[in-house]
Amino acid sequence: MESTANHPLGVEVLTSPETPADKTILECLHEWIVTVDHKKLGIMYILYAMLFLVIGGGEAMIIRLQLAVPNNHLVGPQAFNQLFTMHGTTMIFLAAMPFIFGFANYLVPIMIGARDLAFPRLNAFGFWLTAFGGLLLYFSLIGGEGLTGAGSAPDVGWFAYSPLTSKAFSKGHSTDYWTLGILIGGFGSIATAVNILTTILCMRCPGMTLMKMPLLAWIYLVVSGMVLIAISPLSAAQIMLLLDRFLGAHFFDTQAGGSAVLWMHFFWIFGHPEVYILVLPVFAFASEIIPVFSRKAIFGYPVMVGATVAIGFVSVGVWAHHMFAVGMTSMGNTFFAISTMVVGVPTGIKIFNWIATIWGGKIRFATPMIFSIGFLAQFLVAGLTGIMLAAAPFDWQLTDSYFVVAHFHYVIVGGIVFMIFAATYYWFPKATGRLMDEKLGKWHFWLFFIGFHLTFDTMHIPGILGMPRRIYTYGLDRGWGTLNLVCTIGAIFQALGFIVFVFNIVRSLRKGRLAGNDPWDAWTLEWATSSPPPEYNFAELPVVKSRRPLWDLKHPSDPDWKYE
């Protein structure tokens, strides 16, 4: 039985979370498959992302083992092409995007005082579209008939440049599985973005104006709009590619009057806003975690909101810095060089504000905070190398080299993955009712942190020395062997850190210390409910007066609403 207690915010809080009793495995499985509860769908997104993070990480490990020593033949050139294609596609579309949408599904309604997303069935539809798209992509391993009649994974790169995707250079159906899988997953992303956008604009609890929302909700509002803008041209390009391959259209066939560069524009109009679609939510995680563990309100809330909107606006005008080497005009190069540098300004504002929040605070070095601090340092370096690559002459020298690989992995792993780990440690108690183990969390951090820097700090150097991307091996005389071996050793450290992370999750689910409703002494509405929350989130919709409603509740003599 569950009991309830009245809550000063008007929230009915469960003092003992409901647990399923006498349910068979099939009944539990059916309940999750047909659910429209935003919390369960959020967890399913995250588990789906974890699965493909493991798969994509395994592909990366094989790539690093192949490159560890010169003249290695662990895998051949064709398999290597398939590995880096599937690794890039998996990590962006099947791991990072579902992680971002998973946290949005779980957190946005409960942080704005809503009982669910605006369109629960559309939410479930979006998830299953995303899941089906990923499974269809990997079905190419048995269904994408290659030259020998066996299954063949896509081998055209995650960017699928023309003419590599034409029938002449891509036999069989592996590229078709790639195109259809990404297209279907894109429809799922659009459905979820519409849902989040509508929920934030229309379903906030009484008293929560736009400028009283948590920064996480503000950022997801901007990100959802960016998804609608960015996914649409990618979907259009995928449809045009299908027409090229199946119906003989010539959108990207240069010999028939089409344009290979047209595909590049369509792809990167999606591809670079996509970086900010993934990065902005981890900015949101940092903006929620850092104040709680610094025991200070976020520094400069209105400026943080403005910086978020500015990033969303400017980021849709920087895509062609990926194309400095294709022969654009000097005016085009100049415009995209300037816009790429400009987007660093609001990003820098955010970094300064996080540092100002930490400065003078009473810092608690719990695992979420440690990962957040690692993120701050690493994302700063990622931004600096991004500004370097924004200078077109510098970019001409290093384009398609391992310097670029190191740069974007600094963004994706050093920034996005580190903050996904931080968010998992922070909100795991809310979703499960149990705390993750702090000692294992620190082992995870240090193994992953050391491995990350061994791999990606070192990787800049062979790039400067001229090592090109996407080569499956190299000669002993090139002088890259030792550097690549260090990169591979770092990848092993990262894998060990991730194993510790997974073990921590499994162990904590079974034996973790009970968390209570608010283990971090936090201030936003999700911590006003039980852990895990009931299906309806709030028996009565809460009424808020400030950006930190739980602070007001805990400190009635010094509430925030007096100063906002």
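Let me start with a pair of helices: H5 passes H6 in a left-handed crossing, where left-handed means that the near helix is turned anticlockwise from the far one by less than a right angle, and right-handed would mean clockwise. Before I go on, please keep in mind that this is a predicted model, in which local features need pLDDT of at least 70 and side-chain atom pairs count only at pLDDT 80 or more, while totals for chains, interfaces and linings use all residues. Residues are numbered from 1 along each chain as its sequence is written, and side-chain values use heavy atoms, with hydrogens and water left out.

Helices here are DSSP runs of H or I with at least four residues, and strands are runs of E with at least two, numbered from the N terminus. H5 covers residues 174-202 and H6 covers residues 215-247, and their axes come within 8 Å and cross at roughly 155°. The axes are lines fitted to C-alpha atoms, for helices over the stretch in contact, and the angles run from 0 to 180 degrees between N-to-C directions. That angle makes H5 roughly antiparallel to H6, because angles over 145 degrees count as roughly antiparallel, under 35 as roughly parallel, 65 to 115 as roughly perpendicular and the rest as oblique. Sorted by class, the contact of H5 with H6 has 23 nonpolar, 8 polar and 2 charged residues; nonpolar covers Ala, Val, Leu, Ile, Met, Phe, Trp, Tyr, Cys and Pro, charged covers Asp, Glu, Lys and Arg, and the others, Gly among them, count as polar.

Now to a second pair. How do H2 and H3 run relative to each other? The axes of H2, residues 38-66, and H3 come within 7 Å and cross at roughly 155°, and H2 and H3 are therefore roughly antiparallel to each other. Their crossing is left-handed, and their contact has 26 nonpolar, 9 polar and 2 charged residues.

Phe283 touches, among others, Ile219, Ile311, Trp354 and Phe375, not counting residues up to four places away in sequence, where contact means heavy atoms within 4.5 Å.

Leu137, in helix H4, counts as buried at 1% relative accessibility. Its contacts include Met86, Thr89 and Trp178, again leaving aside residues up to four places away in sequence. Leu137 and Thr89 are 48 residues apart in sequence, and 9.3 Å apart in space from C-alpha to C-alpha.

Finally, some backbone details. A cis peptide bond joins Ser162 and Pro163, with omega about 10°, and Pro163 is found in the loop between H4 and H5. Ala160 is placed in that loop between H4 and H5 too, with a positive phi near 50° although this residue is not glycine, and at 0% relative accessibility Ala160 counts as buried. Asp400 has a positive phi as well, near 60°, but Asp400 is partly exposed, with a relative accessible area of 38%.

Key. Buried means under 20% relative accessible area, exposed over 50%, partly exposed in between (1.4 Å probe, protein chains only).
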